[in-house]
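This report is a first guide for a reader new to the structure shown below.

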Amino acid sequence: MIKSQEETPLLAAVLEHCRRPYARLHVPAHRQGQAVFAPWRRHRGFLKMDLTELPGLDDLHAPAGVIAGAQELAAALFGADTTFFLVNGSTAGIMALVVALCGPEEELLLPRYAHRAVLGGLVFSGARPVFLAPDYLEDFYIPLPLKAETVAGAVRRHPAAKCLLAVHPTYYGLCGDLGAQAAAAHAAGIPLVVDEAHGVHFAFHEAFPPPALACGADAAVQSLHKTGGSLTQSSLLHLKGARVDAARVKAALSWLQTTSPSYLLMASLDGARWQLAREGRRLLESALELASFLRREISRLPGLLVLGEEHLGGTGAARADPTRLVINVRRLGLSGYAVAGLLAREHGVLVEMADYTNLVALVGIGTTRRDAEALRRGLKEISRRHAGSRPLPPPPDLPPLPPARLTPREAWLAPCRYLPLAECAGRVSAEAVCVSPPGIPLVYPGEEITPEVIEYLKWLRAHVPAVQGPADPRLEGIRVVDG
Ligand SMILES: Cc1ncc(COP(=O)(O)O)c(C=O)c1O
């Protein structure tokens, strides 16, 4: 039994394995970088650790050695009973939870701003999503976390629902009262599962909103790669208590994840957990300081508005992640996309994402004073040139939630055909349409395409650089269910 957060069972086993001069007659074919394609040869040191299930390296799908030990340490650090390493991002974890908890036609309660990761779970399981519509934050035009009473009311109106899913925080760093959501779910006898993809750092400093498991969640999925320092694609799925059957989640993960999980990804989960355990607080202290400096400086720039908890009063959104800077640029007369483009091209600054009216800049455990200064300088220059312009017209209101005619799975299985947008009114969509990032579907398969949805899609086509989901990425038309 491994006890100390000082240990890195998997990472240490991988490093030890790399020190041994084995004759290698196994996959992967690049043979620890020896046969890698030429452009990578100069960087191949890392590839030594790209291994497979070899003696001493355990097996993600039947962990009994170093992977089991590394998962136990992650569970201990985050206060879970069981933790699973994910090599297909939080996407795989969210799908596995939906599949483990819901069957065909069974209801899953979730906010409309849930990430599209949930869609795979809906199609695999056949579950019926019951979307809860959020309010939107004035000026920023972003979804507010669901109010506790909205969730409690939905739980009461849907006594047969199998599960409540929450997103904590949203892509914009906002958190509602998750404790109240957990209480509502548990009073109805159902689990609360949480997409905590953007909140893995919450557990390491009290300046952040409380982590999902501490609020009573039964499961939480965290993209350790996003804010915790592991490699892209590596995530954690935590379970706590008995409301979610760990054996079913494990089985679902075993078919939703590859049978060739990357040791680079898994060892990075072990290493990042170790780093957070030892130094998380100190690293986040520095991120908080830089974020507060930026928040202060950017708020002073004409034409820019930085989202803070002061904007959330009375809205039901209890907390905001202070290291996530949501910067509204509408009063510069430019879209968020345009400002992100200027920052990248003219100032060498890359932000996490842009939408029509905002930028989202992340200050994290690796952010330097130099990065922060570059963002401040870039925005100062852009503000100097553009402040006083006529503000960008606001985006249109989102269309009302359309009626769901089929479950996403039924729509997926139905025969379908492509129709020009103008002919889609009243038809049932066979595909999802998402703006990504933040990856929130505007249309789900199985939903009626209302005239309001068509108008909104036309606006998206004209104002948003790219959509994900539809077969026709230009959004001239949509695949609809035939008949
Ligand atoms: C809110 C939210 N949930 C889930 C995901 C999926 O996470 P991953 O990229 O780790 O699969 C994302 C990705 O951006 C996200 O923003």
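Ser335 counts as buried, because its relative accessibility is 13% and the cut-off for buried is under 20%. The model is a predicted one. Ser335 sits in the loop that runs between β13 (324-328) and α10 (336-347). Leaving aside residues up to four places away in sequence, Ser335 is in contact with Val329, Asp355, Tyr356 and Leu392.

Leu332 belongs to the loop between β13 and α10 as well. With a relative accessibility of 1%, Leu332 is buried. Its contacts, again without residues up to four places away in sequence, are Pro302, Gly303, Leu304, Val339, Ile382, Ser383, His386, Ala387 and Ser389. Between Leu332 and Val480 there are 39 Å in space, C-alpha to C-alpha, and the two are 148 residues apart in sequence.

## Thr323

Thr323 is placed in the loop between β12 (319-320) and β13. Its relative accessible area is 4%, so Thr323 is buried.

The side chain of Thr323 makes a polar contact of 2.6 Å with the side chain of Asp321. Not counting residues up to four places away in sequence, Thr323 touches His201, Phe208, Ala287, Leu288, Ala291, Ala361, Leu362 and Val363.

## The ligand site

Which residues are closest to the ligand? They are Thr91, Asp195, His198, Ser223 and His225, out of 13 residues that surround the ligand. By class, this shell is made up of 8 polar, 3 nonpolar and 2 charged residues. Two helices, α3 (89-101) and α7 (224-227), each supply at least two residues of the shell. The most comes from α3, which gives 4 residues.

In Asp195, a polar side-chain atom is 2.5 Å from a nitrogen atom of the ligand. In Ser223, an N or O atom of the side chain is 2.8 Å from an oxygen atom of the ligand. For Lys226, an N or O atom of the side chain is likewise 2.8 Å from an oxygen atom of the ligand. The ligand taken alone exposes 380 Å², and the protein buries 87% of that.

## Cysteines

How many disulfides does the structure hold? The number is 0. A disulfide would need the two sulfur atoms to be within 2.5 Å. Cys163 has a relative accessible area of 2% and is therefore buried.

Cys434 is in no disulfide either, and the nearest cysteine sulfur, in Cys424, is 16 Å away. Cys434 is also buried, at 3% relative accessibility.

Pro169 is in the loop between β6 (163-167) and β7 (174-175).

The peptide bond from Ser436 to Pro437 is cis too, with an omega near -15 degrees. The loop between β17 (433-435) and β18 (440-443) holds Pro437.

## Positive phi values

Gln32 is a residue other than glycine with a positive phi, near 55 degrees. It is found in the loop between α1 (9-19) and α2 (66-78). Is Gln32 buried or exposed? Gln32 counts as buried, because its relative accessibility is 11%.

Asp58 also has a positive phi without being glycine, and here the value is near 65 degrees. The loop between α1 and α2 is where Asp58 is found. At 16% relative accessibility, Asp58 is counted as buried.

Terms used:
Residues are numbered from 1 along each chain as its sequence is written. This is a predicted model: local features need pLDDT of at least 70, side-chain atom pairs count only at pLDDT 80 or more; totals for chains, interfaces and linings use all residues. Side-chain values use heavy atoms; hydrogens and water are left out. Buried means under 20% relative accessible area, exposed over 50%, partly exposed in between (1.4 Å probe, protein chains only). Contact means heavy atoms within 4.5 Å. A residue is near a molecule or strand if one of its heavy atoms lies within 4 Å of it. A polar contact is a pair of N or O atoms within 3.5 Å; within protein, one must be able to donate a hydrogen and the other to accept it, and residues adjacent in sequence count only if both atoms are side-chain atoms. Accessible areas come from the Shrake-Rupley method with a 1.4 Å probe; for residues, only the protein chains shown count as cover. Ala, Val, Leu, Ile, Met, Phe, Trp, Tyr, Cys and Pro count as nonpolar, Asp, Glu, Lys and Arg as charged, and the others, Gly among them, as polar.
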